Amino acid sequence: MRKTWTIAELTVRDVLRRRGVIVLMLLLPTAFYLLRHNDSPGQSVRLLCLGLSWGVSTAGLFVAASARAVEPRLRLSGYATAQLYLGRLCALWTLGFALLVPFAVVVRFDHPWMRPAGIVLAMAFCVLIGAPLGLLIGGLLPRELEGMLLLLIVCALQMMVNPDDLLMEMLPLWSSREIGIWAVDEPDDLGYLLRGVAAGVAWTIALVGLVGGVSAVRLRRRAHVRAL
Amino acid sequence: MQDWFDVFRSALLRRGVPHATVRQVVEEARAHTGDSGEPPLSAFGGPEAYADAVVASLTPTDPGRTRAPRGDVLLRARGITKRFGRRTVLRDVALDVHAGEVLAIVGANGCGKSTLLKICAGMVSPDSGTVEIAGRVGYCPQDGGTIEFLTADEHFQLVGAGRGLGRADAREHGRTWAGRLDWADPGATQARHLSGGTRQKLNLTMSALSEPDVLLLDEPYQGFDRGTYLNFWDLVWAWRDRGRAVVVVTHLLAELDKVDTVLTLGESR
Amino acid sequence: MDPDRRSQWLRGVLDLCVLGLLADGESYGYELAQALTRAGLGPIQGGTLYPVLLRLERTGLVATDWRAGEAGPARKYYRLTPAGEQTLRAAASDWRGFAGQVGTVLETAVK
């Protein structure tokens with residue numbers, strides 16, 4: 001437990017010292033939120049969620065990149081693979097939830113008629129999903145720039161795909177969108193909420209599993225090494 | 001002119017005196033000169049000689065450096081072959097390193113020295129061959145291996161936690177090892193602001209901190225000045241004398257008198 | 001007295017003298033140096049005294065702790081441990097015997 005905690009603590013410090021990433025994490029949701037603020041409140045909240053998720057993913061990308069060089073050494077010096085990636089995930093989730101609070105407060109006062117629980121839940125899934133998504137992309141693509149591009153594609157798809165398209169349902173943040181619809185547009189249709197939560201939980205579990213899988217493969221004990 | 005106390009402090013650190021003890025001994029000496037008004041040079045003599053006296057009274061009377069006899073094999077590699085595309089960089093390489101032995105891997109650029117080390121560390125898979133290791137492995141890369149935005153102390157904390165050390169203990173151990181490499185003040189500087197040589201000291205300190213049985217060092221002295229370079233070899237010998245197995249990748253042939261065994265890799269094999 | 005001989009003798013018994021002074025209560029380095037001077041054994045250089053103190057600490061004959069002085073810097077205070085008291089008692093009687101034997105030999109020669 002102490003090892004996981006150490007990783008989490010130092011990851012938080014690492015991220016907090018990157019001013020660029022912090023600015024990006026704050027700026028993305030803010031800009032997205034203001035974009036449609038006046039003409040379409042529902043849309044602006046959806047975009048805010050997207051920006052939040054993108055910010056957390058970006059932080060995850062940088063965390064994964066900086067971990068890449070040291071993780072093999074840390075494995076050698078006594079860490080288990082799970083301690084390494086779970087520690088980083090906890091750090092990103094903590095940061096993401098800390099980021100969520102001010103935005104949730106703003107929306108609460110900006111649009112008091114929206115369901116606050118729904119807004120928070122939609123944002124929470126953005127954080128829950130965004131963190132492992134960033135770590136996963138960072139784990140698969142060695143260079144930050146490539147990861148950034150891939151993240152951009154995911155985010156752009158999320159924004160531009162026609163809501164009725166089947167593809168929309170397969171994107172990671174569909175859950176947040178569904179919960180958002182329940183919170184903003186269709187307060188009486190619980191179906192949106194349930195579908196959203198189910199998809200969000202599934203995506204979170206799947207992504208965390210994938211991050212674990214990729215780490216396990218990258219940091220595996222190689223077959224040619226044996227104990228004497 | 002450099003302060004007597006600073007010279008004394010780094011002299012103690014270089015001799016491997018734990019960081020906490022160094023702080024106390026220096027503070028006590030400072031308090032003494034403050035009380036007596038006597039300059040440190042006349043009260044204590046030259047800083048290096050006084051450091052020797054302090055070390056002598058701190059260590060049990062066990063004259064000289066006793067070198068453990070060569071022990072069991074701690075690292076054994078057999079039939080290591082590695083190809084990158086069509087180029088075979090390592091062909092059927094074998095090596096044995098015993099407890100209390102230093103092995104140097106030499107050879108021209110691109111002959112696969114670093115690759116062999118990574119294969120021994122289990123970070124890269126060979127196309128064929130096996131590596132057998134007794135105990136734990138420590139690996140020190142040529143560069144990288146540190147986290148840009150974390151301080152030296154945080155690196156110590158990170159590596160220390162791996163073997164169950166708390167924050168304070170890890171910092172103390174780390175600073176003591178750093179002191180042996182003539183790095184008196186690691187601490188609050190982030191890794192990205194360290195010079196190349198100092199970053200390598202951090203790298204080496206991290207390897208030392210995890211107390212491995214087999215140490216794999218990939219030209220870790222790049223950017224070291226002359227003095228630190230000698231301290232580095234002192235450190236290698238100290239590990240050897242404690243019964244560790246040490247492998248040093250190097251391209252400097254002048255170092256070969258410093259090691260016990262030499263493995264030459266070449267493309268003409 | 002020949003200073004070389006004097007310091008040679010002192011080197012053999014300085015640790016016992018320090019233990020003896022600490023039997024009167026805890027003290028710190030500079031105070032011990034002054035006490036040794038007052039006792040007619042000084043001046044003792046810091047470079048001689050502190051290594052002796054470190055050795056006594058390492059062998060468990062004295063215990064130490066750091067405390068802030070009244071006005072000055074923090075000081076390391078030394079005090080006897082039970083093992084130190086025991087050593088001091090044994091050494092004191094050994095010394096009496098030894099000094100007596102040396103005295104006997106020297107006085108017979110002078111007579």
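Student: How much of chain C is buried?
Tutor: Buried residues make up 33% of the 111 residues in chain C. Buried means under 20% relative accessible area, exposed over 50%, and partly exposed in between, with a 1.4 Å probe and protein chains only. Please note that this is a predicted model: local features need pLDDT of at least 70, side-chain atom pairs count only at pLDDT 80 or more, and totals for chains, interfaces and linings use all residues. Residues are numbered from 1 along each chain as its sequence is written, chains are lettered from A and ligands numbered from 1 in the order in which they are written, and side-chain values use heavy atoms, leaving out hydrogens and water.

Student: Which elements does chain C have, and in what order?
Tutor: Chain C has four helices and three strands, and from the N terminus on they run α-β-α-α-β-β-α. Helices (H or I, at least four residues) and strands (E, at least two) are DSSP runs, numbered from the N terminus.

Student: Do go on to the chains. Which pair shares the most contacts?
Tutor: Two pairs of chains are in contact, and of these chains A and B share the most contacts. A contact means heavy atoms within 4.5 Å. Chain A and chain C do not touch, and their nearest C-alpha atoms are 31 Å apart.

Student: Now charges. How many salt bridges are there over all chains?
Tutor: The structure holds 29 of them over all chains. A salt bridge is a side-chain nitrogen of Lys or Arg within 4 Å of a carboxyl oxygen of Asp or Glu.

Student: Why do such pairs form?
Tutor: Side chains of opposite charge can pair when their charged atoms come close.

Student: What does E71(A) pair with?
Tutor: E71(A) forms a salt bridge with R88(A), with the closest N and O atoms 2.8 Å apart. The pair links distant parts of the chain, since E71(A) is in helix α4 (residues 71-76) of chain A and R88(A) is in helix α5 (residues 81-110) of chain A, 17 residues apart.

Student: Are those two buried or exposed?
Tutor: E71(A) counts as buried at 5% relative accessibility, and R88(A) is buried with a relative accessible area of 7%.

Student: And in chain C, what is the partner of D65(C)?
Tutor: D65(C) forms a salt bridge with R67(C), the closest N and O atoms being 3.3 Å apart. D65(C) counts as partly exposed at 26% relative accessibility, and R67(C) is partly exposed with a relative accessible area of 33%.
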